[in-house]
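Let's take a walk through this structure together. Please have the sequence and the 3D view open as you read.

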2 protein chains.
Amino acid sequence: MTELEKGPQGRRRGRGARERILSASQQLFRDHGINRTGMDQLCAVAQVSKRTAYQHFTSKDELVAEYLRRFDPDVMPGVFDRTDLTPRERLLAAFEMPASTPLCPYIAAAVELHDPQHPASRYARDYKIAIAARLTETAREAGATNPEQLGEQLALLIDGASARTRVLNSESFPTAAAIAAILIDNAIPASSPRQPSDDSGTTGPAPVPVGGT
Amino acid sequence: MTELEKGPQGRRRGRGARERILSASQQLFRDHGINRTGMDQLCAVAQVSKRTAYQHFTSKDELVAEYLRRFDPDVMPGVFDRTDLTPRERLLAAFEMPASTPLCPYIAAAVELHDPQHPASRYARDYKIAIAARLTETAREAGATNPEQLGEQLALLIDGASARTRVLNSESFPTAAAIAAILIDNAIPASSPRQPSDDSGTTGPAPVPVGGT
DNA sequence: TCTTAACTACACCGAGCTGTGTACGTAACC
DNA sequence: GGTTACGTACACAGCTCGGTGTAGTTAAGA
């Protein structure tokens with residue numbers, strides 16, 4: 001239970017309740033899951049009264065949706081924007097996950113909530129589509145003959161590694177990266193390592209902030 | 001609510017309580033998830049009194065574990081044993097999923113239970129390992145230079161397709177199958193379609209009954 | 001200083017959950 | 001027929017959960 005910053009005098013938790021709630025959500029939903037985290041527990045960790053929590057979020061469902069929207073990942077921070085890498089290197093960099101990556105929170109939410117109509121499930125879907133779109137975009141930059149196909153394939157690999165890591169408790173991203181390398185080489189006609197930041201201006205960036213597994 | 005078979009006279013649900021409970025678990029855990037299925041609801045569908053349910057299973061956790069153990073899948077029924085296919089065809093057949101395949105119940109259970117020590121989570125792990133082993137075995141028969149690697153890769157593809165299908169609500173197995181074909185071709189030195197049932201007798205079948213996503 | 005908005009403490013509600021206690025049918029098999 | 005194992009009906013204990021009602025406190029800003 002990390003001692004979140006208290007007010008200057010230390011007597012009160014002070015004004016940033018909403019941020020503290022979201023921050024506690026990040027920790028608890030990841031460590032214990034959404035369904036197994038009660039609002040009482042969450043408020044205790046956030047050092048926020050339950051009343052305040054329900055003034056910021058009308059329901060737990062809304063909090064969960066906002067939690068996903070606000071997800072600020074340690075992983076995949078901005079691989080797609082790294083101009084120091086060739087497009088091919090950027091595609092591969094998407095598979096370099098820090099050792100302790102839990103299950104992608106978007107997959108976890110979709111499974112736990114079990115309702116495709118839930119706002120969080122909808123957002124998870126949007127997010128996954130956006131990631132695939134950025135992979136496709138980068139695949140196009142890298143000169144792939146069928147960028148959509150390669151983008152979708154790489155997205156599937158990431159999700160596979162994520163799911164498998166969770167079930168097996170053993171790192172699967174290296175395996176996924178190895179597959180990715182093969183697919184990329186297969187998808188680019190004459191192995192043509194293009195220049196970095198060779199933006200052929202085909203598509204704008206996806207509408208969703210990038211991050212997460 | 002499928003009218004499960006009642007006794008000959010129709011007045012009582014009769015003796016097969018345990019089977020009816022497990023059968024109802026299959027349906028409800030798949031359709032509504034484990035956590036969102038209460039024992040009351042489950043007993044109602046199984047047409048079994050709650051008392052009887054708790055005489056067969058000491059706890060819901062035990063029922064969940066048994067549910068996974070008993071999982072009799074529509075999918076992947078016996079691909080590995082089909083001697084009418086070449087090893088290569090058998091590997092590819094593992095990706096032919098019926099249209100309405102929900103999320104692999106093993107992944108779902110691992111995510112929902114969220115406790116790696118839970119018996120069901122342990123079994124899910126064992127199962128996934130067994131599937132990878134059978135894929136490896138078949139890869140070896142197919143003449144792959146590194147069967148372990150190919151087996152693990154194909155297992156990752158299956159899980160990726162499963163997770164992605166769930167989150168996106170759109171079929172991902174064809175994508176996975178396409179990747180599989182590439183990997184298989186890459187992994188077998190001189191494209192050598194061996195004879196069907198070319199059992200080189202390397203390894204016995206995996207200890208876990210095969211099936212499921 | 002006064003107003004206002006954010007936050008707090010805490011009791012509480014109703015619902016749903018897993019699991020049990022009790023007393024009672026009913027069918028199979030000797 | 002009698003015994004035994006299986007199954008039933010149903011109430012209820014004990015808990016957790018999401019969410020609310022109420023009355024009060026604190027801090028920022030005019």
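Helices here are DSSP runs of H or I with at least four residues, numbered from the N terminus. Keep in mind as well that this is a predicted model.

With that numbering in hand, let's begin at a loop of chain A. Phe71(A) sits between α4 (60-69) and α5 (87-93) of chain A, in the loop that links them. Is Phe71(A) buried or exposed? Since 20 or more other C-beta atoms within 10 Å make a residue buried, and Phe71(A) has 22 of them, Phe71(A) is therefore buried. From here you can look across to Leu168(A), which lies 97 residues away from Phe71(A) along the chain; their C-alpha atoms are 24 Å apart.

Next, turn to the place where the two chains meet. Chain A brings 36 residues to this contact, and chain B brings 36 residues. On the side of chain A that touches chain B, two or more residues come from each of α6 (105-113), α7 (119-141), α8 (147-168) and α9 (173-187) of chain A. Which of these elements gives the largest share? That is α8(A), with twelve residues.

Finally, let's visit the DNA. Around DNA strand C there are 21 residues, and the nearest are Ala17(A), Gly38(B), Met39(B), Ser59(B) and Lys60(B). At least two residues of the surface near DNA strand C come from each of α3 (50-56) of chain A, α2 (39-46) of chain B and α3 (50-56) of chain B. This surface holds eleven charged residues, along with six polar and four nonpolar.

Notes
Residues numbered from 1 in each chain as written. Chains lettered and ligands numbered in written order. Predicted model: local features only at pLDDT ≥ 70, side-chain atom pairs only at ≥ 80, totals over all residues. Contact = placed C-beta atoms within 7 Å. Near = placed C-beta within 6 Å. Nonpolar A, V, L, I, M, F, W, Y, C, P; charged D, E, K, R; others polar. Buried ≥ 20, exposed ≤ 12 C-beta atoms within 10 Å, placed from the backbone.
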